[in-house]
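User: I'm new to this structure and would like to learn how to read it. Can we go through it feature by feature?

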Amino acid sequence: MASSNIKKKKRLVYISYAVLLMLIYLFEYSANISSPLGKGSFSLLVPATIISGIMFKEWAGAFYGLAVGAAIDVYSQDSFIFSTIALFVICCLVGLLITRLFLNNTFSAIILIWGATYCFYLTKWLFCTLFGGNTEAWSYLINITLPTAFFTSLAGIPLYLVIRTVYRKIVNK
Amino acid sequence: MRFFFRSKKFKILLSIFISLLILAGVLFSIGETVTPGSSVVAAITAPVGSAVNWVTGGITKFFKTFNEYDELAMQNDALRKENESLVSQLMQHQEALTENEFLKEFLEIKEKNKDYIMEPATIIARDVNDAYGGFTVGKGSLDGVAVGDPVITSAGLVGFIGEVGLSYSKVTTIMSSFANVSAIDRRTSDVGVVGGTIEFSEKGNCRMYNISNTSSVAVGDYVVTAGGGMYPEGIVIGKIISIMSDELSISLIAEVEPVADISGAENVMIITYFAGQGISGPED
């Protein structure tokens, strides 16, 4: 009885997180919401996906990363499979690191969100912008990639704290 | 960690990773930029995306109306003076006008340019990570859209089709550094190339470069496509708002404000055919 309840709760947590990611994805890529171009832009979807690796460990995190990455690539202007591979690997690694190398606490989670976000944007710049033949690749790195990575990782911290609080309440209920 | 690397889970994850790398390698080697999965994901997310667009559109309109309260209040006072039935008729008429506005503009352009074969398309998504304002439209190769087709609104040029899936296409805007549109100043007939840079795209503008330093281009001049290659002749690109000398050459650079509302557009038109398409222009 108790184990079936735990299973049910686990399923609820996984499904609700998938719904949350889908909602963020749909609103972030909505045609009616124009985000500021350039330095002010940031993404909530990338840190939310990385957080899945931290919260649900490597196995579930990898699959959330795979699904979100594939969805991002559909509407991405400069990558056609990069986000799928990158988020799959990053979420899996983050899930592994948080439990096996780091202390699995809030501080290490924030460090991992910060590092993983920068890792995602810098590798994306390397493969999609520099190797993609953009004539102003270095200017793109300074003016777009680094500020976007900074704002996105910054947005990831409160997002993690909110998600963690909500999910702790769901699990403890 | 060692136990993880020996586990079945790790082997499954590793095989997925290797499969993805092989897929990426195969697609890259054949020059294909649309994965088979993309069309499937697009087909699944498109209806939900449309619903969300409808909701966000309503929210956006609500706040827009809220912001324009003063103007609306004045309009309301004026309207009160009118007969109710007349207002009702007017409202109905306006609604019908708004609904048909896009299609009328579409027909007008078609009337003026009989050689154009156009495909009206709705914007279904905007890439939040694209610094050049690129977006995705809900028409693809099944509708006859091909890579390189020009994308316009009734006001002017928006960009070109950068990537085509079965039911969707990705539009690269004229603010992108990948855009190289052969253009002329409509007043002076001076030639140049219109494209984007990060510096200008942040302001929602693009630049016209390679303008001869002996040219007489001036602020306020309109820039249009020169024709040939990818773009038909005479499509308005934008208005020159400033002119500066190019630090890297002896030519001039003009900052161009696009006439098309690229970030606010909801519908665009894709020109799938025009007379002279593909005949190489000066720069395309």
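Analyst: Let's start with confidence: pLDDT is the predictor's confidence in each residue, from 0 to 100. Chain B averages a pLDDT of 80, with 76% of the residues scoring at least 70. For chain A, the mean pLDDT is 85, and 92% of its residues reach 70 or more. This is a predicted model, where local features need pLDDT of at least 70, side-chain atom pairs count only at pLDDT 80 or more, and totals for chains, interfaces and linings use all residues. As for naming, residues are numbered from 1 along each chain as its sequence is written, while chains are lettered from A and ligands numbered from 1 in the order in which they are written.

User: Where is confidence lowest and highest in chain A?

Analyst: As a general idea, where pLDDT is low, the predicted coordinates should not be read in detail. In chain A, helix α1 (residues 2-28) has the lowest confidence, at a mean of 83, and α4(A) the highest, at 91. Helices here are DSSP runs of H or I with at least four residues, strands are runs of E with at least two, and both are numbered from the N terminus. For the complex, the predictor gives an ipTM of 0.73 and a pTM of 0.72.

User: How do I read two packed helices, say α3(A) and α4(A)?

Analyst: Two packed helices are described by the angle between their axes and the distance between the axes. Axes are lines fitted to C-alpha atoms, for helices over the stretch in contact, and angles run from 0 to 180 degrees between N-to-C directions. The axes of α3(A) (residues 82-100) and α4(A) (residues 106-130) come within 10 Å and cross at roughly 155°. So α3(A) is roughly antiparallel to α4(A) (under 35 degrees is roughly parallel, over 145 roughly antiparallel, 65 to 115 roughly perpendicular, the rest oblique).

User: Which residues of α3(A) and α4(A) meet?

Analyst: Contact means that two C-beta atoms, placed from the backbone, lie within 7 Å. Among those meeting are A:Phe82, A:Ile90 and A:Ile98 in α3(A), and A:Leu112, A:Phe120 and A:Phe127 in α4(A). The residues of this contact divide into 13 nonpolar, two polar and one charged (Ala, Val, Leu, Ile, Met, Phe, Trp, Tyr, Cys and Pro count as nonpolar, Asp, Glu, Lys and Arg as charged, the others, Gly among them, as polar).

User: What is the angle between α2(A) and α4(A)?

Analyst: The axes of α2(A) (residues 45-75) and α4(A) come within 10 Å and cross at roughly 130°, and are therefore oblique to each other. By class, their contact has 10 nonpolar, one polar and no charged residues.

User: How does α3(A) pack with α2(B)?

Analyst: α3(A) and α2(B) (residues 8-29) pack at about 160°, with their axes 10 Å apart. That makes them roughly antiparallel. The contact includes A:Phe88 and A:Val89 of α3(A) and B:Phe17 and B:Leu20 of α2(B), and its residues divide into 10 nonpolar, one polar and no charged.

User: What about chain B, and is B:Met269 buried or exposed?

Analyst: Chain B has six helices and 12 strands, and 37% of its 284 residues count as buried. Buried means 20 or more other C-beta atoms within 10 Å of a residue's own, exposed 12 or fewer, and partly exposed in between, with C-beta atoms placed from the backbone. B:Met269, in strand β12 (residues 267-273), is buried, because 23 other C-beta atoms lie within 10 Å.
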